[in-house]
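Please keep the sequence and the model in view while reading.

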Amino acid sequence: MKKNTKKTPYGKRHFALYAGILAAALAAMFLIRQCTLDRRSPYGRASGHSGGDTIDIAIEVSPLLYSLASDTVEGLDYEMLRDFSRQTGRPIKFHPFTSIGKALEGLEKGRYDIAVSTLPSTIEMKGKYTMTKPLYIDRQVLVQRRMPGDSLPPIVSQHQLAGDTVWLPEGSPFLTRVRLLSHEIGDTIYVEQPKQFSSEQLFILVAVGELPRAVVNEGVAMLMEKNYPDADISTAMSFAQFQTWALRDDSAILANDINTWLARYKESPRYEQLTHKYLEGSNLHNCTKNIQSSTDVVKEKSETDSLLTKQL
């Protein structure tokens, strides 16, 4: 099948406007992040790390993970990490980002100790990083307009993407799933990964008609949909997946400390309160409630395993 060559106008002036607004928001977020003056670090080795016992955290700007509402920073992962810091006495410093590729690069080079994004616990990710125990459950969904201006019917099945294009954030782990999906349906799904846009920004560009479709996590999409009623997020693009934080392979001590804390934390009323706050209204909340503190009894499947199971 030939690639769909019909293009939806980007609106370059709008791109510049959105980028400028979001850049200003990011600048404000950087002003409120936590700091420390101790210069020795048992975790980071690269210049740019805060030093001391401070844990540097690269965290994606999104309504689910880390966002600025009025004068308050909030987000499910942000609040969980703040609780970790308070309960363990570990100082932390947040570094908001929009490019997961740059964040993972900083993690690998030692500027950050933890990368927080919509990171599924897959075999591919585990082969590159030390992943924490599951935090909650999420999945990817297709974002499109309910009534596209070009009058094309909305996509309701993954198979309808054959020969078409989806937009992902640069460095998105979901790229592997798209490639597997292409193999499954026997046709190419083209992918665009603009460097300057996060999942939140791609959602906005689709909602206002600047892009035809994008793939983001459902947790992010559901929170964004409240402000963009023209966006449709009803088409699932993956199975439910465990969401985790990524650490370097040489961070076994820190990973163990986080996992030990998580085992207790996920049994607490505070964890239930946060997941209800950010995931309520979706099936993700009910699935997340079923995650056990000890995940040894949970069989984690990779995307490859899931694909093979479907083919059989």
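E79 counts as buried because its relative accessibility is 11%, where buried means under 20% relative accessible area, exposed means over 50%, and partly exposed lies in between (1.4 Å probe, protein chains only). The model is a predicted one, in which local features need pLDDT of at least 70 and side-chain atom pairs count only at pLDDT 80 or more, while totals for chains, interfaces and linings use all residues. Residues are numbered from 1 along each chain as its sequence is written, and side-chain values use heavy atoms, with hydrogens and water left out.

The side chain of E79 meets that of R270 in a salt bridge at 3.0 Å, N to O, the term being used for a side-chain nitrogen of Lys or Arg within 4 Å of a carboxyl oxygen of Asp or Glu. Because R270 lies in helix α9 and E79 in helix α2 (residues 76-88), the pair ties together parts that are 191 residues apart in sequence. Helices (H or I, at least four residues) and strands (E, at least two) are DSSP runs, numbered from the N terminus. R270 itself counts as partly exposed, at 24% relative accessibility.

The structure holds 14 salt bridges, and three of them are set out here.

| Salt bridge | N to O distance |
|---|---|
| E74 and K277 | 4.0 Å |
| R270 and E79 | 3.0 Å |
| E124 and K128 | 4.0 Å |

The side chains of E74 and K277 meet in one of these salt bridges. This pair links distant parts of the chain, with E74 in strand β3 (residues 72-74) and K277 in helix α9 (residues 269-279), 203 residues apart. E74 is partly exposed at 25% relative accessibility, and K277 is partly exposed at 45%. By contrast, E124 and K128 both lie in helix α4 (residues 123-128), four residues apart, about one turn of the helix; E124 is partly exposed at 36%, as K128 is at 47%. Salt bridges that share partners join E74, E79, D83, R86, R270 and K277 into one network.

Attention now turns to the interior. A nonpolar core is a set of buried Ala, Val, Leu, Ile, Met, Phe, Trp, Tyr and Cys residues joined through side-chain atoms within 4.5 Å. The largest such core has 50 residues, of which I57, L64, M80, I114 and F203 touch the most other members. A second, separate core of 14 residues includes L142, L168, V178 and I185. Leaving aside its neighbours within four places in sequence, M80 is in contact (heavy atoms within 4.5 Å) with L135, W245, W261, L262, Y265, Y271 and L274. I57 lies 7.1 Å from I92, C-alpha to C-alpha, although the two are 35 residues apart in sequence. I92 belongs to strand β4 (residues 92-97) and is buried, with a relative accessible area of 5%.

Five of the six residues of strand β8 (residues 140-145) are buried, so this strand is largely enclosed by the rest of the structure. Two strands pair if DSSP finds at least two bridges between them. β8 pairs in the antiparallel sense with strand β11 (residues 213-217) over five bridges and with strand β12 (residues 231-236), also in the antiparallel sense, over four bridges. Within these pairings, V141 has V216 as its bridge partner in β11 and stands opposite A236 in β12.

Helix α7 (residues 218-225) has six of its eight residues buried, so it too is largely enclosed by the rest of the structure. The buried residues of α7 are E218, G219, V220, A221, L223 and M224.
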